[in-house]
Amino acid sequence: MIIRNISVSPEEGERGARAEARRILGRPVEAFTIIKRSIDARKKPNVKLIYTVEALAKGERSELEPVYEPPKAARSGGKRPVVVGFGPAGMFAALTLAMAGLRPIVLERGDDAETRTAKVLKFWESGKLDTESNVQFGEGGAGTFSDGKLNTGTKDKRLGFVFKSLVDFGAPGDIMYDAKPHIGTDVLKTVVLNLRKRVEELGGEVRFRSKLTGIETENGRVIAALVNGTERIECDSLILAIGHSARDTFELLLSLGVPMEPKAFSMGVRIEHRQRDIDFSQYGEMAERNLLPPADYKLSVSFPEGDSAYTFCMCPGGYVVAAASENGRVCTNGMSERARDGENANSALLVTLTPDSFPYPGPLGGMRWQRELEESAFRAGGEDYRAPAQLSGDFINGRISRGAGRVRPTYKPGVTWTDLNAVLPGKITGTLKKAIPALGRKLRGFDDPEAVLTAAETRSSSPVRITRGEDLSSALRGLYPCGEGAGYAGGIASAAVDGVKCAEAVILN
């Protein structure tokens, strides 16, 4: 029996949900499965946990659908498929192909997770950037240095397979039912490593420091991938899971005539508050009892002029991190560990930008604008990968900030206090100045004048779409644009699902 809307106190938790299920069932519970768990904080401080569960008495059969399994390959032998990129889309494309017996070859331009982590930490401490192995590039993709958030709007049947696989490889079991599941950057590194080992056990091959530098074609079809300028790998199926920051690969594809188009995306800043303040805003007095996880938020606002802004990738108890992948450019991202026990909360605060507002024409117009803002941030930060920062109240009033107030910035290698109105274009700053007070009316304290704004947040999603048909192939046959970088996903979970879908297209081709 599936039982919905079981409401219990945070003290009661799962124990209370089990007791209520037993009462409703009217018989001893033989099997108990949590389907969903969420927090209802609408009536502060009377915060509740809301459960949906399946409770079965002895002899009853489950009503839950079995977890989706990808198809097996109808063929064996032949050329091995190539997957470019080992972020969420590439990892799940490779896993699905390997499970089908097709022994994929994965090309990852960055390093393995352990080596990559050491280089990222060195960059954060010293400002010494490896442009091939950083927050954007390397095993696990950009998601490895994030909150590991799995929120998604997709209802795709493949989502259960993705989540179950993540748990099998070391993610916490609660991602299967939490309404806002997250893994945490510290746990993600183990999950990614275990997934790669499974691909290799099944006959796949993951090659690090292996950059796609060309695609050989014949009669409008892929026949080989060129790697590091010297190696040639014959293939007739190439899944392009390059991520949203592979700008040199976008330029390569454009030169090859691969159909691409500009797409809407967003840019802005990271905003930091004290996590304790967010907890009290969301939970009221219940926040003092430490029975609930660090609170999050998701906010948006639209204005009559047509402008809009929203928060994205909110990281409770997290850190603002340097996420550059190109020399002479600064960009930010957010990251949380599993415990989310940092002093601050942070979120991207973004302005929606459409191709008609881009200052540059062509498919890569948005990408060129990203670079322009990152170069501006690099100069304003001091040209050593420190980021320009400003207090929220000073930003709105056009004053240069002189230092931190109640909220201490977490960005490494450090921040340079300045006026972000001179760093970002008016299209963005004008909208943010309207958005911050408006969002403060939705979440108390969001407009705290001592909140810290750090620039520039430019990599929220890809500014490019590599077009594909209903069969998921590009007009260049055998090329499968995939995931967030290709413009078909918006986060870890949806990118992973798209990776499975593209792998299935190869398997069934």
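P413 is placed in the loop between helix 9 (392-397) and strand 18 (415-417), and the peptide bond joining K412 to P413 is cis, with omega about 15 degrees. Helices (H or I, at least four residues) and strands (E, at least two) are DSSP runs here, numbered from the N terminus. This is a predicted model, so keep the ground rules in mind: local features need pLDDT of at least 70, side-chain atom pairs count only at pLDDT 80 or more, and totals for chains, interfaces and linings use all residues. Residues are numbered from 1 along each chain as its sequence is written, and side-chain values use heavy atoms, with hydrogens and water left out.

**Overall build**

- The chain has 11 helices and 21 strands.
- Its C-alpha trace spans about 70 × 65 × 45 Å along the principal axes.
- For 509 residues, a compact globule would have a radius of gyration near 23 Å, and the chain agrees, with 23 Å. That radius is taken over C-alpha atoms, and the globule rule is 2.2 Å times the number of residues to the power 0.38.
- Of the 509 residues, 57% count as buried. Buried means under 20% relative accessible area, exposed means over 50%, and partly exposed is in between (1.4 Å probe, protein chains only).

- Besides the bond between K412 and P413, the peptide bond from A455 to A456 is cis, with omega near 5 degrees. A456 is found in strand 19.
- C313, in strand 14 (residues 308-322), has a positive phi near 55 degrees although the residue is not a glycine.
- Y385 also has a positive phi, near 75 degrees, and is not a glycine either. Look for Y385 in the loop between helix 8 (365-381) and strand 17 (387-391); the residue is buried, with a relative accessible area of 9%.

**Aromatic rings**

- There are 7 aromatic pairs in the structure. Rings of Phe, Tyr and Trp (its six-membered ring) pair if their centres lie within 6.5 Å; planes under 30 degrees apart count as stacked, over 60 as edge-to-face and the rest as tilted.
- F92 and F161 have ring centres 6.3 Å apart and planes at 85 degrees, so this pair is edge-to-face. Since F92 lies in helix 2 (residues 88-99) and F161 in helix 4 (residues 159-168), the pair ties together parts that are 69 residues apart in sequence. F92 is buried at 2% relative accessible area, and F161 is buried too, at 4%.
- Y297 and F446 make an edge-to-face pair, 5.7 Å centre to centre with 90 degrees between the planes. Y297 sits in the loop between helix 7 (275-283) and strand 13 (300-302) and F446 in the loop between helix 10 (426-440) and strand 19 (452-457), so the pair ties together parts that are 149 residues apart in sequence. Y297 is buried at 5% relative accessible area, and F446 is buried at 0%.
- Y385 turns up again here: ring pairs link F123, F378 and Y385 into a cluster.

**Charges over rings**

- K433 has its charged end over the ring of F395, 5.8 Å from the ring centre. To count, NZ of Lys or CZ of Arg must be within 6 Å of the ring centre and within 35 degrees of the ring normal.
- R465 has its charged end over the ring of Y488, 5.8 Å from the centre of that ring.

- On a 1 Å grid over the protein atoms alone, a cavity is a set of points where a 1.4 Å probe fits but cannot get out, while a pocket is an open set with protein on both sides within 12 Å along at least five of seven lines; lining residues have an atom within 4 Å of a point. Grid points are joined across faces, edges and corners, and a volume is the space filled by probe spheres set on the points.
- The second largest pocket holds about 1200 Å³ of space. Its lining has 27 residues, with I35, G160, F163, M176 and Y177 nearest the centre.
- Strand 2 (31-40) and helix 4 each give at least two residues to that pocket's lining, and the largest share, 4 residues, comes from strand 2.
- By class, the lining of the second largest pocket has 14 nonpolar, 6 polar and 7 charged residues. Ala, Val, Leu, Ile, Met, Phe, Trp, Tyr, Cys and Pro count as nonpolar, Asp, Glu, Lys and Arg as charged, and the others, Gly among them, as polar.
- A search of the whole structure turns up 1 cavity of 30 Å³ or more. About 80 Å³ of space lies in the largest cavity.
- F92 is back as one of the residues lining the largest cavity, which also include M91, T144, L188 and I492. Helix 2, helix 5 (185-201) and helix 11 (492-507) each supply at least two residues of this lining.
- The lining of the largest cavity has 9 nonpolar, 3 polar and no charged residues.
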